[in-house]
Amino acid sequence: MATTTNVFGAYNAHQDESKQAQWRADKWMIGGTLLMGTGVLGIFGLPLFFYGLWLQMQAAKAGLSVRPLIVTLIGYLVIIDSSLNSLGWAMDLFANHSLINRVLTSGWGAVFDGGYFWHYNELKMGPYTIGGAGAPGEKAWEISLILACFCPRLAAAIGLLQMKRWGQQWLIVTCWMGLIVWIGYNLNMTFYADVRYANITFPVWGWWIYDIFYITPFLALPYLHTVNREIFTD
Amino acid sequence: MSKKIVSEQDRRRKKAMIVFQVLLYSYLLGLFLFQLHLYSLSDW
């Protein structure tokens, strides 16, 4: 009986220690991700994130039960991806006359995507002034993807990081949405290439180099579909 | 027996994911090349 108590005592202590180590690492990674998710402050977030990642790897090396590295990387990458898209597009929708948006978004547009530069803040819908990007179809993509894709995706990534089954399942759902996003959005860009790529600093290849990092869904899908789902709890 | 079925299912699933990845990246590369083609024809 005493032995049983000792065994469970050691198990509980190990569990507690693991939980603490995971939370300690997560605090740094969450801080770093929040900064990176803003876009502008990204450079300050990266070292914080790496420090948290290092802490988690050290804990794993010490034999503690922490989250698998691949889950950590996918989860945080998806959070950054969703935040950047949601925040950037929300600013283009609702804060398109703010100084930060006029400098950064239209500055970015001048270099990579004319849809965010030419006639910026001139969009009207009937008598209503909308502002922001005036490229054909862009506003519809912004609204539909923030609502139906990136916000659920953000929640799914948080669930995944908590090792919840719903997090894994919803991440799979929103990763497949990524297929529609990439096929549809890029076709729209191609059909209106004259608007998007005319007279900007780096036409075509600039956009692709900048945006190819958003293919996270396709990189994550093989793992999400083949992982042993029992490691995620109901 | 059931282990064998699962591993067979896993094997097919992995294969399907590889095919999907190849098709998707080919599509993206194709679109990129087509945009470059448009670029070569225009005065951007």
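## Helix packing and chain contacts in a predicted model

The buried residues of H5(A) are covered by elements that include H3 and H6 of chain A. Contact here requires C-beta atoms, placed from the backbone, within 7 Å of each other. Helices (H or I, at least four residues) and strands (E, at least two) are DSSP runs, numbered from the N terminus. This is a predicted model: local features need pLDDT of at least 70, side-chain atom pairs count only at pLDDT 80 or more, and totals for chains, interfaces and linings use all residues. Residues are numbered from 1 along each chain as its sequence is written, while chains are lettered from A and ligands numbered from 1 in the order in which they are written.

**Helix H5 of chain A**

- H5(A) spans residues 138-161 and has a kink of about 50°, centred on A:Ile146. The bend at a residue is the angle between axes fitted to the seven residues ending there and the seven starting there.
- Its buried residues include A:Glu138, A:Glu142 and A:Arg153, along with A:Leu145, A:Cys149 and A:Phe150. A buried residue has 20 or more other C-beta atoms within 10 Å of its own; an exposed one has 12 or fewer, and a partly exposed one falls in between, with C-beta atoms placed from the backbone.
- A:Met163 follows H5(A) and has a positive phi, near 60°.

**H3 against H9 in chain A**

- Two packed helices are described by the angle between their axes and the distance between the axes.
- The axes of H3(A) (residues 69-94) and H9(A) (residues 216-226) come within 11 Å and cross at roughly 150°. Axes are lines fitted to C-alpha atoms, for helices over the stretch in contact, and angles run from 0 to 180 degrees between N-to-C directions.
- H3(A) and H9(A) are therefore roughly antiparallel. Angles over 145 degrees count as roughly antiparallel, under 35 as roughly parallel, 65 to 115 as roughly perpendicular and the rest as oblique.
- From H3(A), A:Ile70, A:Ile74, A:Leu77, A:Val78 and A:Asp81 meet A:Thr216, A:Ala220 and A:Tyr223 of H9(A).
- By class, this contact of H3(A) with H9(A) has six nonpolar, one polar and one charged residues. Ala, Val, Leu, Ile, Met, Phe, Trp, Tyr, Cys and Pro count as nonpolar, Asp, Glu, Lys and Arg as charged, and the others, Gly among them, as polar.

**A:Thr216**

- A:Thr216 is in H9 of chain A. With 19 C-beta neighbours inside 10 Å, A:Thr216 counts as partly exposed.
- Leaving out residues up to four places away in sequence, A:Thr216 touches A:Leu77, A:Val78 and A:Asp81.
- A:Thr216 and A:Asp81 are 135 residues apart in sequence, yet 8.0 Å apart in space, C-alpha to C-alpha.

**Chain A meets chain B**

- The contact involves 15 residues of chain A and 15 residues of chain B.
- H6 (165-191), H7 (193-197) and H9 of chain A each supply at least two residues of the chain A side.
- H9(A) gives the most to that side, with five residues.
- The chain A side has ten nonpolar, five polar and no charged residues.
- Chain B has one helix and zero strands. Buried residues make up 2% of its 44 residues.

**Asparagines with positive phi**

- A:Asn121 has a positive phi of about 65° although it is not a glycine. A:Asn121 sits in the loop between H4 (99-111) and strand E1 (124-125) of chain A. A:Asn121 is partly exposed, with 17 other C-beta atoms within 10 Å.
- A:Asn199 is not a glycine either, and its phi is positive, about 50°. A:Asn199 lies in the loop between H7 and H8 (205-211) of chain A. With 11 C-beta neighbours inside 10 Å, A:Asn199 counts as exposed.

Terms used. Two residues are in contact if their C-beta atoms, placed from the backbone, lie within 7 Å.
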